2 protein chains.
Amino acid sequence: MSDPSAEALQPLTPDEEALVRALGHVMYVLPRTIDADMVNDRQLPLTEYTALMNLSEAPGRRMRMNELASACHLSLSGMTRTIIRLETQGLVKRERCEEDARGWNAVLTDAGFARLEESWPSHLAAVRRRFLQHFEGFDLAQLARAFRGAGTAETTD
Amino acid sequence: MSDPSAEALQPLTPDEEALVRALGHVMYVLPRTIDADMVNDRQLPLTEYTALMNLSEAPGRRMRMNELASACHLSLSGMTRTIIRLETQGLVKRERCEEDARGWNAVLTDAGFARLEESWPSHLAAVRRRFLQHFEGFDLAQLARAFRGAGTAETTD
DNA sequence: CATAGTTGCTTGAACGAGCAACTGCCTACT
DNA sequence: AGTAGGCAGTTGCTCGTTCAAGCAACTATG
């Protein structure tokens, strides 16, 4: 980064420029829109939904805080605070980790699972309407690969 | 949203699912990465860069707060605070709007313009490395159209 | 076995966003 | 003219981030 080579400095072509401008929609408006849809619909914010969803898919419906934080693209401290909110709602409980007593597991409760089942149609509908619908006709697998790469450098440096 | 029709509720295909999971990278890690690159490189956060850039392209290098906020995909209140930060750095100044005394114009100063010129290579490099590079081989214009649509519903409702 | 260093998580502070409530100016209608 | 309502912008509170500090438990070394 501190040595932006000549090659990297080529100005954007019009198509690239248009894409970069459009990127703002995906980075900024899309997450807010999905979150707002879910809050309006079922009162479960996207962050909390994502946490519950990841837990529901984990073996034993439990995960270490670290793991869960990175699965949710959240910082560890953000995860701690999210789990506290979910715990006070009874949707999650915390248990000391068996094999490493420093660690904690967040465990999905039955109430949490029920809440998730109640919310997923809302999430699914939001994702379809706000996101997938706009990518009909694309090679989704190729697109997924590109999305997964975004935010990384991945090349020789 | 409150009436998720049967059609919207079809579960995701594996490709769709993969794409939705990958979306997290674009929504959460990409903006942080670009911002971090720019902060490390030239000490100008992405939000402030975007504001200066939009101002520099506007006639008279000035814009109403409203306009600027939506160009930057920022809420109006977020814009207010961003402009305050930029103002204390002397990169922008505020002037009452001639034709409507409710309004304010944010005006790019010469110092602001200089700061922008100093920063754009860093921004360009970050955007190429972290984003565009991963979309080689795509139809960029088509992609831009899809990105622009994301976050909206755009259909009959 | 003791002690030093490391790791997992929590907590606090400072900061950047968002939304919602508020202020102040404009406009339009009676 | 006067008043009702709407739009522009700012401010208060919540949530998330980073960074730093702290504690408890693990590991490795003497």
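Guide: Let us begin with burial: a residue is buried under 20% relative accessible area, exposed over 50% and partly exposed in between, with a 1.4 Å probe and protein chains only. This is a predicted model, in which local features need pLDDT of at least 70 and side-chain atom pairs count only at pLDDT 80 or more, while totals for chains, interfaces and linings use all residues. Residues are numbered from 1 along each chain as its sequence is written, chains are lettered from A and ligands numbered from 1 in the order in which they are written, and side-chain values use heavy atoms, without hydrogens and water.

Visitor: Why is strand E3 of chain B called mostly covered?

Guide: Four of the five residues in E3(B), residues 104-108, are buried. Strands (E, at least two residues) and helices (H or I, at least four) are DSSP runs, numbered from the N terminus.

Visitor: What makes B:Asp110 exposed rather than buried?

Guide: B:Asp110 has a relative accessible area of 64% and is therefore exposed. This residue lies in helix H5 (residues 110-130) of chain B. Its C-alpha atom is separated by 24 Å from that of B:Ala125, 15 residues apart along the chain.

Visitor: Which strands pair with E3(B)?

Guide: Two strands pair if DSSP finds at least two bridges between them. Strand E1 (residues 62-64) of chain B pairs with E3(B) in the antiparallel sense over three bridges, and B:Arg64 stands opposite B:Asn105. Strand E2 (residues 92-96) of chain B also pairs with E3(B) in the antiparallel sense, over five bridges; here B:Arg96 stands opposite B:Trp104.

Visitor: What relates chain B to chain A?

Guide: A rotation of 179° with 0.2 Å of shift along its axis superposes chain B on chain A, with an RMSD of 0.4 Å. That is the relation of a two-fold axis. The superposition is by least squares on the C-alpha atoms of residues with pLDDT of at least 70 in both copies. Of the residues of chain B, B:Met27 comes closest to the rotation axis, with its C-alpha at 2.3 Å.

Visitor: Why are the copies said to meet through the same surface?

Guide: The copies do so because 100% of the interface residues of chain B are also interface residues in chain A. Contact means heavy atoms within 4.5 Å.

Visitor: Which residues come nearest to DNA strand C?

Guide: A residue is near a strand if one of its heavy atoms lies within 4 Å of it. Of the 25 residues around DNA strand C, those that come nearest are A:Thr80, A:Arg81, A:Arg94, B:Thr47 and B:Ser75. Of the atoms of DNA strand C within 4 Å of the protein, 68% belong to sugar or phosphate and the rest to bases.

Visitor: What makes a pair of atoms at A:Thr80 a polar contact?

Guide: A polar contact is a pair of N or O atoms within 3.5 Å; within protein, one must be able to donate a hydrogen and the other to accept it, and residues adjacent in sequence count only if both atoms are side-chain atoms. A polar side-chain atom of A:Thr80 lies 2.6 Å from a phosphate oxygen of DNA strand C.

Visitor: Which residues come nearest to DNA strand D?

Guide: Among them are A:Arg85 and B:Arg94. A phosphate oxygen of DNA strand D is 2.6 Å from a side-chain N or O atom of A:Arg85, and one is 2.5 Å from a side-chain N or O atom of B:Arg94.
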